[in-house]
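Me: I have a new model open and want to learn to read it. Can we take the features one at a time?

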Amino acid sequence: MTMSPAWYLRRLSRMGPREVGGRVGDTLRRRRWRSAPPGYPGSRGARFTAVLPAGTLAAVPPDAVKRLVEEADRLMAGHAEFFGVVRDDLVEPDWTLDPKTGLRAPRGYAFDVPYRDEEAVGDIKQIWEPSRHQYLTVLAAAYALTGDERYAERVAAHLRHWWAANAPLRGVHWISGIELGIRLLSWVWVRRLLDGWPGAPGLFEENPVALRQIWHHQRWLAGFPSRGSSANNHVIAETAGQFAAACAFPWFDASERWRSDALKSLERNLRGNTFLSGLNRELATEYHGLVLELGLAAVAEADAAGVPLPPTVRRVLLRMTDALAAVVDGRLRPPRQGDADDGHGLVLDGEGTDRWGSLLATGEAVFGRLPWWPEVTGTDVRTPLLAALIRPYGHGGRASTAGRPERRPAHFADAGMTILRGPGEIWCRCDGGPHGFLSIAAHAHADALSLEVRHDGVDVLADPGTYCYHGQPEWRSYFRSTLGHNTLEWDGADQSVSGGPFLWTRHARTRVLVADADGREAARWVAEHDGYGRTAHRREVELTAANRRLRVVDEVRGESGSVRVAFHLGPAITAELDGNRAVLTWSRDGEDRSAVLELPGELNWRAHRGETAPPLGWYSPGFGVKVPTTTLVGSGTAEGTRAFTTTLTFDATEAADGQEAAW
C-alpha cells in the first residue's frame, strides 16, 4: 500500500505547528545523513555489569523452563511462526525476505526504501519481526537456564550475521524507531542472559562491530523521535529501548545524555499514553500490554544500574497493572478492543505461556496483589527475572496498597469502558469511550457503543480483531469498520471517518449516561454517540443475574435512513438462525453450552460466514490470521425515533452451584 498525495495532505492537517516543524527538521536530517552520516566516535572502555543477581535463575519454575527449552529447540531447527506464516529458514535467516511474497526489501539508503509498498518490498511486518531479535532472547534464556552452549553459539552467529548484513542507515531495518528500540532492548537481555558464556564479552563489549551498531541505534533514536500525533506506543518503545541501552551499555560519551533524555521522554509519554484510571489511551488492549511490558523492562534497567526514576513512572505502571487485573475475564483474557499486532516488549518464554497471566504475575511480584485480583495459576520465565532486578514498590520492601482500588473497578469513566459481569462467568465489555488517541487515532476502530460478550472465557459476541495493517486495504477497512463490530450502522456509513489505514479525520464523540455495573439484581449501562450527524444512536445494555439475560436496546433518533445491526459470533459458536431467533451452541472443557439470541423482529436477519466480496463473517485470532465465523446482520429502515431490542439468554442450568450467591 502506497500513500497518495491526498493522504499526505490529510495527515498534515492533523498536525500542529510544532509537529510540522519537527518533521521538517527530520526530513532535512535524513537528507544530510544520506551524504554525511554521523561518524561513530568510538567507546570509552566497555564493561558489562548489569547482570542478574545470584540465585535468580534457580527461581524459574521447572514447567516454564520446559516450555522455553521446547521453543528454543524448535528455533534451533529453524522453525518459527510470525503472524500466521510458518518459517523453516531460521537456521540461516535472510533478513530482507518476506516469505509471503518471496520479495526482498532493497538494501539502499534506509529512508529511500518504500516500506509501505507491498508490491516493491513485500509485507513489511514479516520482514521486521525476526529482526526485533526476540527469538534470540528466547535462545539466550535457554542457554542461561540450561548451560547448553549450542544456544549461545546460535545467538552469536545470528547477531554477527545481522550486524554484517545491516550496516547503519542501510536497508529496511533502519526506517522505524519502534523496531530499533525493541531491538536494543533485546540486545540488552541477550547480553545479560549470555553472561555466563565465555564468548559474551567478545560478542558485545569487545566487538567493534557490536559497539558501532549499539551507538548508531541510539544516535538514530536521538535524531528521529516519534512526535506529536505519532507519540503513541511507538515513542514508548523508542525511549524504553534507548534508556535500557544507555543504562546497560553506558560505553559512549553520549550515554549519560541519551539516558537522561530518554528517561524524560519515557516519563512524559507514559503519563501521556495512560488514563488516570490506568487504561492505555489508544484503547487498543494489546498496546496496553506492549506499553506495560516496555515500562517494566525500563524500570528493571534503571534499578539494575542504580538510576533514580521519577515516582510517576512506577505509579503509572502500577495503575496499568491494576487496570489490567480489573478488566480481564475469568480466564485472564482482556478485551479485544482496537488494533492488535501481537507486538511484545520483551520475550523470554516459550509457546503456551499466557501473556496476560505473565504480566499479572510480574505485577504481583513487583507491586503486590490486591485481594480482588484474579488468581494467576500459570508460570513464566520472565517474571522471576524481572522481579530480581526491580526494586519492590512501596516502603521497606513491602508492597503498598495506598491509593489503589479497594474493590475491583468495573467502570473506567475516562476511557469509557464498562465491564458487566454475571453468573457463570458472563463477561460483557461496553464501549463508550473516546475514538482513539491523539489527532489521528491511529489504532482506533469505528466501534462506538460496541459490545463484547463472553461466557467462561469463550467469545460469544466477539470483537473480530485486526488481521492486517498494510497491503490489503479492503480487509483493513473491514476489520476497522462499524459493520465489523457489534453495534449499529446507519445509512451504510462508519461512525468515524477514515482518512487512511492509520488515520481518522473525524472522530465520533461518545457519552456514557449510565454505568451501574454493581447492581445486585441487574447491571445497567447506557451511552450514545454523535457519529451520524443529525441522527443519534443510543444503546442501553442490561445484564440480569436471575435469568442470566443480556438485554440490548438500540434507539435511533433523527432523519430516516437505512439501519444495519451486526452481531459477530466467536469462532467456537455454532448458530441456527430461524427468522429473528438464533440458537447458539458451543462446548467448553468437554461440556456443552448454549444460549438463545432473540433479535429485533423489525429487521430482516441473515447469517454471513467467510464472505469476501465484500468481507463479512470473519474473526482474527492473531495478526495476519483470519478464520471464518458467523455474523448475524439485521437490515431495515428507520425514521423519527425507533428502538430495536435484542436479548441474549444463557442456559440457566449451566450456572455452577454457588455462582448465583457469588453474584
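**Reading the model**

Reply: The structure holds 0 disulfides. A disulfide is a pair of cysteine sulfur atoms within 2.5 Å. This is a predicted model, in which local features need pLDDT of at least 70, side-chain atom pairs count only at pLDDT 80 or more, and totals for chains, interfaces and linings use all residues. Residues are numbered from 1 along each chain as its sequence is written, and side-chain values use heavy atoms, with hydrogens and water left out.

Me: Is Cys-430 buried or exposed?

Reply: Buried means under 20% relative accessible area, exposed over 50%, and partly exposed in between (1.4 Å probe, protein chains only). Cys-430 has 0% relative accessibility, so it counts as buried. Cys-247, at 8%, is buried too.

Me: How do I read a sheet?

Reply: Strands of a sheet pair through backbone hydrogen bonds, either parallel or antiparallel. Helices (H or I, at least four residues) and strands (E, at least two) are DSSP runs, numbered from the N terminus. Two strands pair if DSSP finds at least two bridges between them. Here, 5 strands form an open sheet in the order E3-E4-E5-E6-E7, with antiparallel pairing. Its edge strands are E3 (411-412) and E7 (458-461), and each pairs on one side only.

Me: How many bridges join E3 and E4?

Reply: There are 2 bridges, in the antiparallel sense, and E4 covers residues 417-422. Phe-412 stands opposite Met-417 in E4.

Me: Which helix lies across E3, E4 and E5?

Reply: Helix H14 (residues 311-327) does, and it runs at about 40° to E4. Axes are lines fitted to C-alpha atoms, for helices over the stretch in contact, and angles run from 0 to 180 degrees between N-to-C directions. Contact means heavy atoms within 4.5 Å.

Me: How do I check the length of a helix?

Reply: The expected span is 1.5 Å times one less than the number of residues. Take H11 (233-248). Its 16 residues should span 22 Å, and its end C-alpha atoms are 22 Å apart, which agrees. Helix H12 (residues 255-272) has 18 residues and reaches 25 Å, close to the expected 26 Å.

Me: What do the buried residues of H12 pack against?

Reply: They pack against H10, H11, H13 and H14. Among the buried residues of H12 are Trp-258, Leu-263 and Leu-270. H11 is mostly covered, with 15 of its 16 residues buried.

Me: What sits in the loop between H10 and H11?

Reply: Pro-225 lies there. Pro-225 is partly exposed because its relative accessible area is 30%.

Me: Which residues touch the most other members of the largest nonpolar core?

Reply: A nonpolar core is a set of buried Ala, Val, Leu, Ile, Met, Phe, Trp, Tyr and Cys residues joined through side-chain atoms within 4.5 Å. The largest has 148 residues, and Trp-189, Leu-194 and Phe-249 touch the most other members. H13 gives the largest share, 11 residues. Another core, of 41 residues, lies apart from it and includes Cys-430 and Trp-525.

Me: Where can I see a hairpin?

Reply: Look at strands E21 (residues 618-622) and E22 (residues 625-628), which pair in the antiparallel sense over 3 bridges. Gly-622 stands opposite Val-625 in E22. The hairpin has 2 residues between the strands, and Gly-624 takes a positive phi near 85°.
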